[in-house]
Amino acid sequence: MTCLTCLTSISAAAPSPDSPERPAQEQTVVTSASPDVIWDDQPASDFELAYPVGNGRLGAMPYGQFPREQILINEETVWANEEPLFMDDNLAEHLEKVRQLEAAGDYSTLDTYFTKHISGTGSLAKNPCSYQRIGWLHLDYTSTAEAAQTRRSLDLATGVARTVFTLADGSTITQDVLASSPDDVIAIQITADRPLSLKVSMEGGVVKDGDLVLHGSGTGTRGTQFVSRVRLIEPDAVTAAENGLTITDARTVTLYQSVATNFNRLDSSNPLPEGWQHKATAALDAVQPKSFPQVRTDAINDHRRFFNRVRLDCGATAAAISRLPTRKRLARLKAERHDDPDLIETYFQFGRYLLIASSRPGTMPANLQGIWNPYERAPWGSDYHLNINLEMNYWPAETTNLGELHQPLFDLIRLFQPTGREMARRLGMRGWCMGHSTDIWGHARLMGQQPCWAGSFFGGQWLTFHILEHYRFNQNPAVLEANWDLLTASTEFVDSWLIPGPDGSLMARPASSPENTFLFETPTGELKPASLSAGTSYDQFMVLQVFNDYLEAAAVLGRESEPLVQKVREILPRVYRPQIGHDGRLMEWRLPFAEKSPGHRHISHLLGAFPGNQLDLDGNERMRAAVVKTLAGRLSRGGAGTGWSRAWTIGMFARLSDPTNAYKNLHAILARSTLDNLWDNHPPFQIDGNFGATAAVAEMLLHSHGHGIRLLPALPFDRWPNGQVTGLRARGDYTVDISWQDGQLKEASITAGPNSAGTLPVHWQQTRTAVSPTPGTSVTLHPHDFKPKTNNEDSR
């Protein structure tokens with residue numbers, strides 16, 4: 001591709017509050033061959049082929065169909081809700097019995113007893129509620145010729161989805177759809193070179209006070225109530241029918257759609273009082289005086305202040321390939337072609353785009369499908385899965401310079417405190433916890449009933465990892481101070497959950513390895529599957545991470561004398577550490593059980609290596625070898641079969657500084673688990689793999705998890721011999737630009753943020769240096785600035 005600065009359009013990047021200022025860039029035009037544009041030459045026949053736009057709260061997906069266009073409309077808080085989900089009270093007695101059965105090795109009875117007396121109790125429903133749609137906005141083009149050609153595109157750099165219909169009579173109709181964050185509306189403008197007629201409708205909608213109005217709710221007696229309003233701004237002559245708005249002989253049509261709901265973001269159990277409906281009218285009243293060009297420009301500038309922060313150039317794609325529709329370029333890659341690095345850049349930026357579109361400060365976090373969902377009952381409810389998926393959604397937030405977009409996740413943890421504390425109390429524990437999945441209502445119970453799912457008690461604890469990561473990147477103690485109560489509640493639960501094992505070490509009992517089962521030998525020699533045991537590697541790494549994070553936060557805030565902090569410091573050495581098995585792999589369970597599914601999609605027992613930091617892969621050769629062998633074993637038996645699992649695998653190899661396998665699995669996620677619109681395919685569509693893969697590419701380019709930073713640790717120089725990346729974030733409050741040429745580092749620029757301090761070690765291959773930039777300044781490094789490492793230094 002061409003120089004990065006030649007691909008920036010509309011406006012300059014605005015700096016993150018946690019990042020130093022970056023220079024403004026000149027306005028240029030982005031063409032369809034730009035890596036920032038995905039496009040197709042045919043309409044979308046399905047939800048999984050359409051292009052998504054969003055402002056964090058509202059989502060839309062135009063299909064590009066003619067003469068009846070349909071645009072999916074979503075609002076993030078529209079969910080089903082029937083009854084509170086809960087478990088029975090006073091479960092401590094049954095939990096003690098479960099622990100006794102585990103200690104006795106009676107695993108079959110253990111799973112059965114657990115299901116009957118703990119996970120199977122309480123509310124009739126055992127799974128979270130589903131995210132749902134607002135509906136379909138229909139645009140019926142009438143009195144026109146038939147469509148001869150359709151071209152759909154999504155500009156990732158602007159957030160505008162454009163469809164151009166070329167008709168049989170040679171005329172064209174252009175349809176732009178965007179989701180404006182500044183104006184909080186879906187904005188649509190249609191322009192034609194000949195007068196057109198159009199009817200705008202929604203199923204169930206009625207015309208009231210000149211607007212097309214739809215009242216509805218999520219399913220169930222307690223589902224979210226909503227009102228949607230569509231207002232035509234131009235032309236002035238609009239005919240109102242009972243179920244739609246009609247325009248005749250117009251060359252330009254502009255309409256805005258707003259949505260209001262009764263969801264209470266501060267207390268999900270208490271809907272907003274009457275009057276919430278007026279917010280939909282107020283949004284339209286506020287945007288109506290503005291011209292569409294101004295609405296569009298404001299939305300694009302707002303989008304670009306996030307998007308422009310990072311640019312990636314992996315090399316040059318031939319012009320003939322770049323001009324192909326995105327689906328055809330993806331098909332070439334699936335046919336084992338490796339000559340389209342621009343498509344890798346597009347895929348990387350698409351992940352960043354999706355986070356910008358589905359998670360903004362003041363909104364809810366991105367769910368399993370971001371904010372886009374056409375179903376009444378979505379796959380897995382499009383809910384919040386807490387045993388990898390929601391966390392993976394936010395892996396790229398810090399490294400790819402979108403730190404502010406992390407805030408919705410922290411707000412969700414706070415929203416879930418009342419229900420999670422009640423769940424802990426019913427288990428006879430202190431503090432706060434969640435099961436392996438939940439919904440916007442924060443329903444807290446052991447979901448799924450069967451112990452392979454319901455045996456997860458640390459879903460909430462994994463969420464709190466992100467608080468410390470946010471701090472590590474921006475070094476602002478206010479982050480930790482504002483969330484100290486959340487960290488404390490999480491730590492209290494872990495502390496109360498641990499019990500001594502046979503050797504006196506502290507372990508989680510019961511414990512599971514998420515969604516996997518093991519085989520144990522009965523007294524008769526028969527092998528049987530079971531889910532629950534004690535001290536699984538997943539749970540133990542979770543304990544270690546929670547405790548160490550708490551001590552780290554306490555040291556920053558000067559809270560080291562607090563009783564819980566002192567207790568954690570005292571008991572931490574007694575926590576059981578996961579071990580290496582006789583076959584050289586990291587043990588998934590404390591005892592040498594065989595996996596029922598050796599190629600299982602989850603690699604939860606590697607949590608301590610990535611995304612956690614409890615294993616030193618650079619300094620502990622023995623543990624590093626065990627992790628490598630564990631990954632190899634999973635993959636050789638069919639592992640990484642889902643999109644998100646493959647994304648985790650890419651991230652693991654990137655953390656291991658293994659460019660060959662990182663690239664191999666990056667290619668695999670595109671070839672095997674990516675839809676034609678570049679969405680991740682579980683199957684079906686699930687957004688976490690997009691986010692995880694984008695984070696993994698950033699991890700291939702830059703490490704900052706140990707002491708200092710490491711440049712290009714897993715870059716496949718044979719595939720991307722020349723390139724550059726700008727704007728990546730490193731822990732310690734640094735922003736890093738890197739360029740490479742002919743497979744070698746060319747230049748690196750490290751800019752210190754306002755909270756950076758001290759000396760920063762910088763590693764590249766087998767060499768190192770150190771820099772000490774003061775806040776607001778940059779240091780530029782070249783290969784000759786690096787010196788070979790001594791024998792006493794990390795060889796990686």
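Mentor: What follows goes through the salt bridges, then a helix and a sheet linked to them, and then the confidence of the model.

The model is predicted, so local features are taken only at a pLDDT of at least 70 and side-chain atom pairs only at pLDDT 80 or more, whereas totals for chains, interfaces and linings use all residues. Residues are numbered from 1 along each chain as its sequence is written, and side-chain values use heavy atoms, with hydrogens and water left out.

There are 45 salt bridges in the structure, a salt bridge being a side-chain nitrogen of Lys or Arg within 4 Å of a carboxyl oxygen of Asp or Glu. One of them joins Asp 176 to Arg 162, with 2.7 Å between the closest N and O atoms. The two residues are 14 apart: Asp 176 belongs to strand β8 (residues 172–180) and Arg 162 to strand β7 (residues 160–167). Helices (H or I, at least four residues) and strands (E, at least two) are DSSP runs, numbered from the N terminus. Asp 176 has 8% relative accessibility and counts as buried, while Arg 162, at 35%, is partly exposed. Here buried means under 20% relative accessible area, exposed over 50%, and partly exposed in between, using a 1.4 Å probe and protein chains only.

A second salt bridge runs between Arg 731 and Glu 469, whose closest N and O atoms are 2.6 Å apart. Arg 731 sits in the loop between β25 (723–730) and β26 (734–741) and Glu 469 in helix α13 (residues 459–474), so this pair ties together parts 262 residues apart in sequence. Both Arg 731 and Glu 469 are buried.

Glu 588 and Arg 634 form another salt bridge, at 3.1 Å between the closest N and O atoms. Glu 588 is in the loop between α17 (563–571) and β22 (594–595), Arg 634 is in helix α18 (residues 621–636), and 46 residues separate them. Both Glu 588 and Arg 634 are buried.

Helix α18 leads on to α20. The buried residues of α20 pack against α18, and also against α6 (326–334), α7 (341–358), α19 (643–655) and α21 (688–701). Among the buried residues of α20 are Tyr 663, Leu 666, His 667 and Leu 670. As for α7, 18 of its 18 residues are buried, so α7 is largely enclosed by the rest of the structure.

Strand β20 (residues 518–521) pairs with β21 over four bridges, in the antiparallel sense; two strands pair if DSSP finds at least two bridges between them. Phe 520 has Lys 528 of β21 as its bridge partner.

Last, the confidence. The average pLDDT of the chain is 93, and 95% of the residues score at least 70, pLDDT being the predictor's confidence in each residue, from 0 to 100. Over residues 1–31 the pLDDT is below 50, and this stretch has 82 contacts in the model beyond near neighbours in sequence, a contact meaning heavy atoms within 4.5 Å.
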